[in-house]
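Subject: Structure handover

Hello,

Here is the structure I said I would pass on. My notes on it follow below.

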Amino acid sequence: MTVAILALQGAFIEHAAMLDRLGAAHFEIRQRRDLDRPFDGLILPGGESTTMRKLLHDLGLFQPLREQIESGLPVFGTCAGLILLAQSVEGGAVCFGTMDIAVRRNAYGRQLGSFATVDEMRGVGRIPMTFIRAPYIAAAGPKAEVLAEVDGHIVAARQDKQLVTAFHPELNDDLSVHRYFLNMIQT
């Protein structure tokens with residue numbers, strides 16, 4: 001099993017470190033030719049969703065990745081990656097639009113609104129959750145399953161082979177969410 005990590009901007013190195021700890025093969029997608037390598041899953045990291053969306057289009061990555069996601073490629077989006085997958089984005093433009101969720105960008109405010117907590121994620125257990133200029137899911141449609149809520153806001157969801165978190169599991173020592181994603185790939 002090999003996981004591709006979108007490495008245009010954001011916290012891709014931290015995701016790679018988590019996959020290393022789990023013994024999962026991975027590589028970075030930086031340009032169109034990287035898509036020629038076979039991969040079984042994709043991670044869309046946190047960062048700046050507007051910048052990532054622009055680069056996906058500019059580098060010719062948008063359409064082939066969207067087609068693969070729509071065809072069932074397992075994908076895990078954290079923070080900005082969650083925004084890229086959402087069908088509706090308050091205060092921003094839709095990118096892939098493959099997941100039946102509406103997202104509020106920067107829902108917790110600016111950098112000073114960042115925080116960490118420990119809470120329950122269905123199918124994973126109690127885990128540390130780090131929120132940095134994080135969005136949250138304002139609404140989940142009938143196709144999406146809510147996996148976690150913090151203070152009444154949806155912060156993790158799954159739809160078929162798509163997994164999203166508003167928090168950054170790659171910034172903690174807990175491997176549970178990445179292990180959950182690897183299990184999604186294998187099933």
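In these notes, a residue is called buried when its relative accessible area is under 20%, and exposed when that area is over 50%. The model is a predicted one.

Helices

Helix H3 covers residues 62–70, and its buried residues are Phe62, Pro64, Leu65 and Ile69. Glycine 72 follows H3 and has a positive phi, near 105 degrees.

Helix H2 takes in residues 49–58, with Ser49, Met52, Arg53 and Leu56 as its buried residues. Viewed down the axis of H2, these residues fall within an arc of 100 degrees, so they line one face of the helix. An α-helix has 3.6 residues a turn, so residues three or four places apart point the same way. On the face of H2 turned away from the buried side are the exposed residues Lys54 and Asp58. The cover over the buried residues of H2 includes strand S1 (2–6), H3 and helix H4 (80–85). Just after H2 comes glycine 60, with a positive phi of about 70 degrees.

Helix H1 runs over residues 12–21, and its buried residues are Phe12, His15, Ala16, Met18 and Leu19. Down the axis of H1 the buried residues fall within an arc of 160 degrees, so here too they line one face of the helix. Ile13 and Asp20 are exposed and sit on the face of H1 turned away from its buried side. The packing partners of the buried residues of H1 are S1, strand S2 (25–29), strand S3 (41–44), strand S4 (75–78) and helix H5 (176–186). Glycine 23 follows H1 with a positive phi, near 75 degrees.

Cysteines

How many disulfides are there? The count is 0, a disulfide being a pair of cysteine sulfur atoms within 2.5 Å. Cysteine 79 is in no disulfide, and the nearest cysteine sulfur to its own, that of cysteine 95, is 15 Å away. Cysteine 95 is likewise in no disulfide, its nearest cysteine sulfur being that of cysteine 79, 15 Å away. Cysteine 79 has a relative accessible area of 4% and is therefore buried. Cysteine 95 is also buried, at 7% relative accessibility.

Cysteine 79 is placed in the loop between S4 and H4. Its phi is positive, near 55 degrees, although cysteine 79 is a residue other than glycine. Most residues other than glycine have a negative phi. Aspartate 160 is another non-glycine residue with a positive phi, of about 55 degrees. Aspartate 160 belongs to the loop between strand S11 (153–159) and S12. Is aspartate 160 buried or exposed? With a relative accessible area of 64%, aspartate 160 is exposed.

Largest pocket

The largest pocket holds about 210 Å³ of space. Its lining is made up of 16 residues, and those nearest the centre are Gly47, Glu48, Cys79, Ile132 and Arg133. By type, the lining of the largest pocket divides into 7 nonpolar, 6 polar and 3 charged residues.

Two further buried residues

Threonine 165 is part of strand S12 (residues 162–165). Its relative accessibility is 0%, so threonine 165 counts as buried. Which residues does threonine 165 contact, leaving aside its neighbours within four places in sequence? They are Phe76, Gly77, Thr78, Cys79, Leu82, Met121, Val155, Ala156 and Val177.

Glycine 97 is in the loop between strand S5 (86–90) and strand S6 (99–104). At 18% relative accessibility, glycine 97 is under the 20% cut-off and so counts as buried. Not counting residues up to four places away in sequence, glycine 97 touches Leu84, Leu85, Ala86 and Gln87. Between glycine 97 and leucine 55 there are 16 Å in space, C-alpha to C-alpha, the two being 42 residues apart in sequence.

Regards

Methods. Residues numbered from 1 in each chain as written. Predicted model: local features only at pLDDT ≥ 70, side-chain atom pairs only at ≥ 80, totals over all residues. Heavy atoms only, no water. Buried < 20%, exposed > 50% of the residue type's maximum accessible area, 1.4 Å probe, protein only. Helix = DSSP H or I, 4+ residues; strand = E, 2+ residues; numbered from the N terminus. 1 Å grid on protein atoms, 1.4 Å probe; cavity = no way out; pocket = protein on both sides within 12 Å on 5 of 7 lines; lining within 4 Å. Points joined across faces, edges and corners; volume = space filled by probe spheres on them. Nonpolar A, V, L, I, M, F, W, Y, C, P; charged D, E, K, R; others polar. Contact = heavy atoms within 4.5 Å. Arc of directions from axis to C-beta.
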